[in-house]
Amino acid sequence: MPAGPHLCFALVVLALTGCVGGGTEVLNQALSPALLKGEGPISQGGYRAGALSKDRSPSTLVLLSFSGGGKRSAAFGYGVLKGLRDYPVTVDGSQKRLLDTVDIMSSVSGGSFPAAYYGLYHDKIFTDFEKDFLNQDVESYIWGSYLLPWRFAKALFNPNYGTNDRMAEVYDDLMFHGATFADLQRVGRPLVSINATDVDTGLEFMFVQDQFDLICSDLQSYPVARAVAASNGFPILFNPITLKSYRSQCNGRVPAWIEADKSNTDPLSRTHELARSHSLYLDGDRTRYVHLLDGGIADNLAMRGIINMGMVLSGDIDDLGKRFDLSRIRRIVVISADGQAENDTATSKQIHLTGLGQLFNVVSGTQIDRYNYETMILARQQFDVLRDAVRKERCEKAARDTDGQSCKDVQVFFAHLSLGGIADKEERERLAKIPTGLSIDPADIAQLVAAGAAQVKQSPDLAAFRDSLTQPAGTPAPAKPAS
């Protein structure tokens with residue numbers, strides 16, 4: 001999340017006073033030995049896709065990501081949720097809200113606020129989220145972390161208490177009220193993957209049990225508010241959220257997807273590189289602690305978490321088939337709620353760059369824009385691979401399913417809903433200028449929410465997905481869905 005102009009003062013104070021508090025308070029717990037059994041993942045149960053696969057549509061796989069971009073992205077993402085709530089689709093012969101078909105949500109930075117809130121409270125978000133978060137002056141809590149004597153003193157006298165530990169308390173008071181990932185699991189679908197960045201490796205770090213398995217830690221008891229704080233922890237302004245590795249207590253267990261990759265010698269294989277990099281967590285001497293900051297550093301679209309979870313961290317196609325009945329999946333839709341505005345290149349007209357906030361925006365914004373483009377390409381490629389694998393799985397069982405549909409009738413739809421997709425130039429430019437901080441004018445909030453909902457309603461890709469659900473048996477699948 002690029003630094004908004006309203007955060008500049010805090011950055012200056014931080015530069016003058018130094019980092020307040022170490023930010024090394026550790027709250028994650030070790031896995032119970034009773035969970036270390038079976039094949040596949042390191043542990044059994046926990047907050048992962050397989051545990052939440054009940055009551056889902058067998059014919060669809062719907063994935064939704066929320067980008068970073070501070071409260072601007074939070075408001076836009078919330079608008080997308082409202083749009084999906086009001087978008088009817090016919091799935092397996094029954095009319096449903098598109099929102100109710102979502103299987104997995106992935107989020108980073110500002111997008112983690114609506115994702116986590118919806119994961120815990122579902123439709124309550126439509127009555128309470130604006131008053132609980134969007135219209136709250138959250139930045140005032142940041143100032144207080146540095147300037148109020150009693151807050152400042154707590155950090156000085158507790159070396160393990162950092163600025164982001166304080167923000168986790170704020171988020172918990174405002175929205176989450178002590179909720180843990182066990183509460184998220186009890187609520188059920190969708191799985192919400194809150195993503196941060198491991199600053200030691202540069203990798204995206206997902207708050208799901210498959211990821212926590214690598215450090216032999218149990219996600220169930222971990223506070224949702226701390227995961228959100230890690231996901232939204234802008235560097236320098238906030239200290240990292242720290243996790244402890246309990247790897248020595250896992251009896252040397254290795255997840256099946258990493259074990260299976262040991263015979264892969266292709267240096268250009270993305271799966272091999274991910275297995276190699278994630279194996280660093282399996283070395284308990286090397287990785288004793290994990291330090292987490294803003295998820296937008298590794299992936300500001302929150303798309304790479306979805307890709308990794310679906311095709312690597314959750315296992316290969318055989319393992320995914322145990323979690324979702326691939327023999328009946330016909331439609332896969334990936335929805336990207338992207339509230340990040342295009343980088344402002346107006347600075348190229350100036351001889352000097354002035355202002356701390358301007359420098360942060362130029363550096364981080366340019367990098368994010370370029371990386372987002374590559375991520376979108378990768379997502380399309382990887383989900384085409386998944387489509388082909390599902391087709392193969394279906395056709396190995398029968399040429400047609402019980403509904404008369406061809407085994408090859410598997411389609412992927414990719415809907416990128418963004419501020420950049422707003423047709424009206426004046427509106428698009430006006431919304432793009434809204435800062436990415438954590439306090440935004442209520443009038444701007446309302447416009448962003450409306451824009452997110454409108455993007456859902458106007459999306460040609462979602463319309464193509466909706467229409468494909470009611471294709472008569474035997475109708476040839478289009479070669480390429482609208483994009």
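I began with a crossing: helix 16 passes helix 17 in a left-handed way. A crossing is called left-handed if the near helix is turned anticlockwise from the far one by less than a right angle, and right-handed if clockwise. Helices here are DSSP runs of H or I with at least four residues, strands are runs of E with at least two, and both are numbered from the N terminus.

A note on the model before going on. It is predicted, so local features need pLDDT of at least 70 and side-chain atom pairs count only at pLDDT 80 or more, while totals for chains, interfaces and linings use all residues. Residues are numbered from 1 along each chain as its sequence is written, and side-chain values use heavy atoms, with hydrogens and water left out.

**Entry 1: helix 16 on helix 17.** I looked up the geometry next. The axes of helix 16 (residues 425-432) and helix 17 (residues 442-458) come within 11 Å and cross at roughly 125°. That angle makes helix 16 oblique to helix 17. (Under 35 degrees counts as roughly parallel, over 145 as roughly antiparallel, 65 to 115 as roughly perpendicular, and the rest as oblique.) The axes are lines fitted to C-alpha atoms, for helices over the stretch in contact, and the angles run from 0 to 180 degrees between N-to-C directions. Which residues touch? Glu 427, Arg 430 and Leu 431 of helix 16 meet Gln 447, Leu 448 and Ala 451 of helix 17; contact means heavy atoms within 4.5 Å. I sorted this contact by class and got three nonpolar, one polar and two charged residues. For the classes, Ala, Val, Leu, Ile, Met, Phe, Trp, Tyr, Cys and Pro count as nonpolar, Asp, Glu, Lys and Arg as charged, and the others, Gly among them, as polar.

**Entry 2: helix 2 on helix 17.** Helix 17 has another partner to look at. Helix 2 (residues 70-85) packs against helix 17 at about 45°, with the axes 6 Å apart. This angle makes helix 2 oblique to helix 17, and their crossing is right-handed. Residues of helix 2 in this contact include Ala 75, Phe 76 and Gly 79, and those of helix 17 include Leu 448, Val 449 and Gly 452. By class, I find eleven nonpolar, four polar and three charged residues here.

Entry 3: I turned to helix 3 (residues 112-121), where nine of the ten residues are buried. Buried means under 20% relative accessible area, exposed over 50%, and partly exposed in between, with a 1.4 Å probe and protein chains only. Among the buried ones are Phe 113, Ala 116 and Tyr 117. Helix 3 and helix 7 (residues 163-176) pack at about 45°, with their axes 12 Å apart. So helix 3 is oblique to helix 7, in a right-handed crossing. Here Phe 113, Ala 116, Tyr 117, Leu 120 and Tyr 121 of helix 3 meet Tyr 171, Met 175 and Phe 176 of helix 7. The class count gives eight nonpolar residues, no polar and no charged.

**Entry 4: the core.** Which residues touch the most other members of the largest nonpolar core? Among its 122 residues, these are Tyr 171, Phe 181, Phe 207, Val 224 and Leu 462. Such a core is a set of buried Ala, Val, Leu, Ile, Met, Phe, Trp, Tyr and Cys residues joined through side-chain atoms within 4.5 Å. I followed Phe 181: beyond its neighbours within four places in sequence, its contacts include Tyr 47, Phe 207, Gln 220 and Val 224. Val 224 is also one of the buried residues of helix 10. Eight of the eight residues of helix 10 (residues 224-231) are buried, so the rest of the structure largely encloses this helix.

Entry 5: Ser 109 has a positive phi near 50° and sits in the loop between strand 5 (102-108) and helix 3. Is Ser 109 buried or exposed? Ser 109 is buried, with a relative accessible area of 0%. His 177 also has phi near 50°, in the loop between helix 7 and helix 8, but is exposed at 54%. Just after helix 3, His 122 takes a positive phi of about 50°. Finally, the peptide bond from Arg 189 to Pro 190 is cis, with omega near 0°.
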